[in-house]
Amino acid sequence: MSGAGVSYSKMAPSKFPKPDLTPRRIIVLDNENIHPPKEFLLNHTVRTFDQLKTKISEGIPIKPLKALYSGEGKMISSLDDLVDGQVVAAVKHAGRPFDKNLFK
């Protein structure tokens, strides 16, 4: 059985969709207001949310980074939650709790 004439790529399951790799720019605020806002570009080098958290931790010295929050106070849990030009707050472990007034 050589499988001649069979296209295996069409038989591949689609339960693992390709991630959206459209470049997006986000602005990250330090929840403790120690560091100025920093802009990050999400492109093909950032494929997972953990990679993004690592990149932010290195760009703004917030270690360890606990979570990211949108201006509405919603915790961001995946790259799909981010849109181009969005401003988010970075909160570190054992740091100050998230403050919605940071966005005003």
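Which residues are buried in α1?

1. Overall layout. This is a predicted model, and the protein in it has one helix and five strands. Read along the sequence, these elements follow the pattern β-β-α-β-β-β. Of the 104 residues of the protein, 29% count as buried. Among contacts between residues at least 6 apart in sequence, 53% join residues that are at least 24 apart.

2. The sheet. The five strands form an open sheet with mixed pairing, in the order β2-β1-β5-β3-β4. Strands β2 (38–42) and β4 (75–76) each have a single partner strand and stand at the edges, so one side of each is left without a neighbour in the sheet.

3. Strand β1 and its partners. With β2, strand β1 runs antiparallel, and five bridges join the two; within this pairing, R25 has L41 in β2 as its bridge partner. With β5, by contrast, β1 pairs in the parallel sense, again over five bridges, and here I26 stands opposite Q86 of β5. Strand β1 is also mostly covered, in that five of its seven residues are buried.

4. Strands β3 and β5. Strand β3 (residues 65–69) and strand β5 (residues 86–92) run antiparallel and are joined by four bridges.

5. Helix α1 (residues 49–59) lies across β1 (24–30), β2, β3, β4 and β5, and it runs at about 105° to β3. To return to the opening question, the buried residues in α1 are F49, L52, K53, I56 and S57. Around the axis they cover an arc of only 135°, which puts them on the same side of α1. An α-helix has 3.6 residues a turn, so residues three or four places apart point the same way. On the other side of α1, D50 and E58 are exposed. What covers the buried residues of the helix includes β1, β2, β3, β4 and β5.

6. The nonpolar core. The largest nonpolar core has 17 residues, of which I26, V28, L52, I56, L68 and L82 touch the most other members. The elements that give two or more residues to this core are β1, β2, α1, β3 and β5, and α1 gives the most, with three residues.

7. I56 lies in helix α1 and counts as buried because its relative accessibility is 0%. Leaving aside neighbours within four places in sequence, I56 is in contact with I26, V28, F40, L65, L68 and A90. One of these, F40, is 16 residues away from I56 in sequence, while the two are 7.8 Å apart in space, C-alpha to C-alpha. L68, for its part, touches F49, L52, I56, K74, M75, I76, V88, A89 and A90, not counting residues up to four places away in sequence.

8. A charged pair between β1 and β2. The structure holds one salt bridge, in which the side chains of E39 and R25 meet at 3.5 Å, N to O. E39 lies in strand β2 and R25 in strand β1, so the pair ties together parts that are 14 residues apart in sequence. Side chains of opposite charge can pair when their charged atoms come close. R25 counts as partly exposed, because its relative accessibility is 30%.

9. Leaving aside neighbours within four places in sequence, S70 is in contact with I76, Q86, V87, F98 and F103.

Methods:
Residues are numbered from 1 along each chain as its sequence is written. This is a predicted model: local features need pLDDT of at least 70, side-chain atom pairs count only at pLDDT 80 or more; totals for chains, interfaces and linings use all residues. Side-chain values use heavy atoms; hydrogens and water are left out. Two strands pair if DSSP finds at least two bridges between them. Contact means heavy atoms within 4.5 Å. Axes are lines fitted to C-alpha atoms, for helices over the stretch in contact, and angles run from 0 to 180 degrees between N-to-C directions. Buried means under 20% relative accessible area, exposed over 50%, partly exposed in between (1.4 Å probe, protein chains only). A nonpolar core is a set of buried Ala, Val, Leu, Ile, Met, Phe, Trp, Tyr and Cys residues joined through side-chain atoms within 4.5 Å. A salt bridge is a side-chain nitrogen of Lys or Arg within 4 Å of a carboxyl oxygen of Asp or Glu. The arc is that of the directions from the helix axis to the C-beta atoms.
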